[in-house]
Amino acid sequence: MILVPLEMVYDARLKLAAQGFPRGGNVGFELMENQKMGTSQFIEQVNYQRAIEGELARTISSIGVVQAAKVHLAIPKQSVFVREKQTPTASVLLNLNSGRTLDKQQVNAVNHLVSSSVPGLTANAMTVVDQTGQLLSGSDKSTETASLDPEQMKYVKEIQESIKKRVESILTPMLGDGNIHAQATADIYFTRTEQATESYKPNSSPENSSVRSLHTTESASMEPVTATGIPGAASNQAVKNKGAARNTVHR
């Protein structure tokens, strides 16, 4: 708190305003200190996200080139299903000092600073913009190379070396041994997409249908028949008729 005589209040305000004061401060984890009784879980989650954004903005503003910073986090709701899992994203607005700029290494430092502070956030999901609307974080070669793991970098080098040898093997017979030198650069995107489809066709034709279950019922009966016909030894003997039924149900 700054106390000045009453007749000097407006002069003090003008002098502070000329130096850029008072500056709007970012709210950090002190937002979690005064939690009210009965606060819902949604409000607690929102306040926690605001606190992280404020702390990150304060940290980024401590860089000499940066005058002020604003961080926006998009953290999706967690799901127990792996297919519905979404990764968080973030965007950073930097207000740089007059006449100052950030080099690519400093922009990458801001990317990794924010991505390392949020679980599940990667540096590729970051967007950094300055006060003029210029995109500072781009998909240049250095950023792409830095985002590859050792196995992917090894695969890229093998592809480049294979192309180089093929070019040299084609031109060496025409230009002579030692008179040709080739260099290859391969841009490989390791984006992978998985898609699962499950179709139900209840009204499909019989020839395109498959048997899901087979149920077979068999029954047999043996009933005696009384003697009929002309009286005699043969007609007095009872003959047993055998009958059988079979029912097959396909589903």
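Which strands does helix α2 (residues 41-61) lie across? The answer is β1 and β2, with the helix running at about 150° to β1. Please keep in mind that this is a predicted model.

- Three strands make up an open sheet with mixed pairing, in the order β1-β2-β3.
- β1 and β3 (126-130) are the edge strands; each has a single partner strand, so one side of each lacks a neighbour in the sheet.
- On average, neighbouring strands here are turned by 15° against each other, direction ignored.
- Strand β2 (residues 89-96) runs parallel to β3, and 5 bridges join the two.
- L93 has V129 in β3 standing opposite.

**Another helix on the sheet**
- Helix α3 (residues 104-115) lies across β1, β2 and β3, and runs at about 130° to β3.

**L73, a residue in β1**
- L73 sits in strand β1 (residues 66-74).
- L73 is buried because its relative accessibility is 8%, and the cut-off for buried is under 20%.
- Leaving aside residues up to four places away in sequence, L73 touches Q49, I52, E53, T89, A90, V114 and V118.
- The C-alpha atoms of L73 and A90 are 4.5 Å apart, although 17 residues separate them along the chain.

**A nonpolar surface patch**
- I2, V4, M8 and L16 form a nonpolar patch on the surface, and together they have about 370 Å² of accessible area.
- I2 belongs to the segment before α1 (9-18).
- With a relative accessible area of 69%, I2 is exposed.

Notes
Residues numbered from 1 in each chain as written. Predicted model: local features only at pLDDT ≥ 70, side-chain atom pairs only at ≥ 80, totals over all residues. Heavy atoms only, no water. Patch = residues over 30% accessible without salt bridge, like charges linked within 9 Å, V, L, I, M, F, W, Y side chains within 5 Å. Areas by Shrake-Rupley, 256 points an atom, 1.4 Å probe, with all protein chains shown as cover. Salt bridge = Lys/Arg side-chain N within 4 Å of Asp/Glu carboxyl O. Helix = DSSP H or I, 4+ residues; strand = E, 2+ residues; numbered from the N terminus. Buried < 20%, exposed > 50% of the residue type's maximum accessible area, 1.4 Å probe, protein only. Contact = heavy atoms within 4.5 Å. Pairing = 2+ DSSP bridges. Axes fitted to C-alpha atoms, helices over the stretch in contact; angles between N-to-C directions.
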